[in-house]
Number of protein chains: 2
Amino acid sequence: MADELPVITLKAIGVVRNEIKQKPPAGYEWEKVVSEIVVDSSLTEALDGLDEFSHIIVLYWMHRATSGKVPLKIHPRRRQELPLVGLFATRSPNRPNPIGKATVRLLQRQTNILKVEGLDAIDGTPVIDIKPYIPGYDSAANTAVPQWITSQ
Amino acid sequence: MADELPVITLKAIGVVRNEIKQKPPAGYEWEKVVSEIVVDSSLTEALDGLDEFSHIIVLYWMHRATSGKVPLKIHPRRRQELPLVGLFATRSPNRPNPIGKATVRLLQRQTNILKVEGLDAIDGTPVIDIKPYIPGYDSAANTAVPQWITSQ
């Protein structure tokens, strides 16, 4: 089947700028980190109206992560006491396609620059898409998660 | 700046199978559509534990959409009475990188096949990542959206 699966090429639309220059330890609290997303200036007009949304979804390329062939089962957050689970059951950055997805608060838009809060991406991370966050479509009700997710 | 932005190559990890063979009209109600995501069998083990989550996030490549050079401002859902807004303020599939992001209910996992409900992707769509949906991280509180989002 692998042979049927297409190879896809994309081009970054912008880059993350913030104070986090190196990958922080697992479990780092990104909630209050303020970042700028500098969007390619040829795409400035495509941001019009985005600031009517309080939150946006950012898809980014975790360029420092391991891609392609990666371990299929891992201990989440590199914590040995957590169960060994499949990679796709975790948010580990080391995945076949290391795409990150964050829901962040949009603080401000100035021309081609978006100031956001809570983006868990280091300085220099390529951004590949930006979407408005739509409650109900992007959120789920009556959710269940395994116990390890909430373990401190 | 465009020259600094990297070109990124990724490989699909699976494919969507469902009854929707052609792109349906804008506004189609996908909520009850049941799909199978057939994951590359070499990645089967990476799905272990995913079925402890009620919902998953699917990133997919909208292979029938227009990519690269696209109109920067559009009327959402192709409805002329809605305001002309920037592309990134919409969920239009025609984007520089036509990546779709859906939050769906996971009904069942059988080896390398995930049965899901509500995935708004047509039959044959390449899947590029699968993540567990984590309430609080993937959802946002105190959200605001423009009026056109909720207009029928």
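1. A salt bridge is taken here as a side-chain nitrogen of Lys or Arg within 4 Å of a carboxyl oxygen of Asp or Glu, and over all chains the structure holds 18 of them. This is a predicted model, in which local features need pLDDT of at least 70, side-chain atom pairs count only at pLDDT 80 or more, and totals for chains, interfaces and linings use all residues. Side-chain values use heavy atoms, with hydrogens and water left out, and residues are numbered from 1 along each chain as its sequence is written.

2. In chain A, A:Lys21 pairs with A:Asp123, their closest N and O atoms being 3.4 Å apart. Because A:Lys21 lies in the loop between strands E2 and E3 and A:Asp123 in the loop between strands E8 and E9, the pair ties together parts that are 102 residues apart in sequence (helices, H or I, of at least four residues and strands, E, of at least two are DSSP runs, numbered from the N terminus). A:Lys21, A:Asp123 and A:Arg17 are linked in a network of salt bridges.

3. At 17% relative accessibility A:Asp123 counts as buried, whereas A:Lys21, at 43%, counts as partly exposed (buried means under 20% relative accessible area, exposed over 50%, partly exposed in between, with a 1.4 Å probe and protein chains only).

Definitions and conventions. Chains are lettered from A and ligands numbered from 1 in the order in which they are written.
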